[in-house]
Amino acid sequence: MPRTAVVFDLFNTLVPGGDRARDRGIERMAAVVGVDPAAFVREFHASWPDRLVRWDPAETVRILAGRLGAHPTDAAVAEAVRIRCELGLRLLTDVKQSTLDVLDALRTNGFRLAVLSNTTAETTDLWPRTALAARFDAAVFSPEVGVAKPDPRIYEAAADRLGVRTRDCWFVGDGADGELAGAAAVGMAVIRTTEFQDTDPAWPGERIAALAELSAGLYRNS
């Protein structure tokens, strides 16, 4: 049976991951809450598993600042969260027209689309404000569902929201967090993209250098 849906990773697949910009933003947040910037960046990176499924942005700032001996005011926490969300929105809106064109073409040709992201809670809040949101039939973010890739449950949640089976789906991603193997394990056909970052170079399956290459391959193999 042909595959009828495409599930996309978000960062470093549809939009850049912005790792350096994220670290600069965290350093700005550190200055606001009164802690050492380098130490705050380290704590942010170390807290990734918790931020993926558990903490909201304000909670993150308070917990990590507290680990470094600071107790920021509500106003300082709110400003740090504002900095984080400002960067998040900038990354989410940094989408190429060619990417939007691919998504539009896929929908025109009958594919159902989902975005599936290991991310933090501000992305869930910011997503509806992006040009991408209207082009997807479903969005599944790890803080919302409480599990993260490569847990099979998060792929199953995406398929459920699309009204299809996992084996009816393509999965397109850069390969972070073991997402390609996770998708393959639940029966999705996997395509690795290296447009923004070559995250999983050992992955043996199909690869594209840009999303603009995607459509023809899906129509041929669906």
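Here a contact means heavy atoms within 4.5 Å. Among contacts between residues at least 6 apart in sequence, 65% join residues at least 24 apart.

This is a predicted model, where local features need pLDDT of at least 70, side-chain atom pairs count only at pLDDT 80 or more, and totals for chains, interfaces and linings use all residues. Residues are numbered from 1 along each chain as its sequence is written, and side-chain values use heavy atoms, with hydrogens and water left out.

On to the overall build. The protein has 11 helices and 6 strands, taken as DSSP runs numbered from the N terminus (helices are H or I with at least four residues, strands are E with at least two). Its C-alpha trace spans about 60 × 30 × 30 Å along the principal axes. Of the 222 residues, 52% count as buried, meaning under 20% relative accessible area with a 1.4 Å probe and protein chains only; exposed is over 50%, and partly exposed is in between.

You'll find T93 in the loop between helix 5 (74–92) and helix 6 (97–108). T93 counts as partly exposed because its relative accessibility is 43%.
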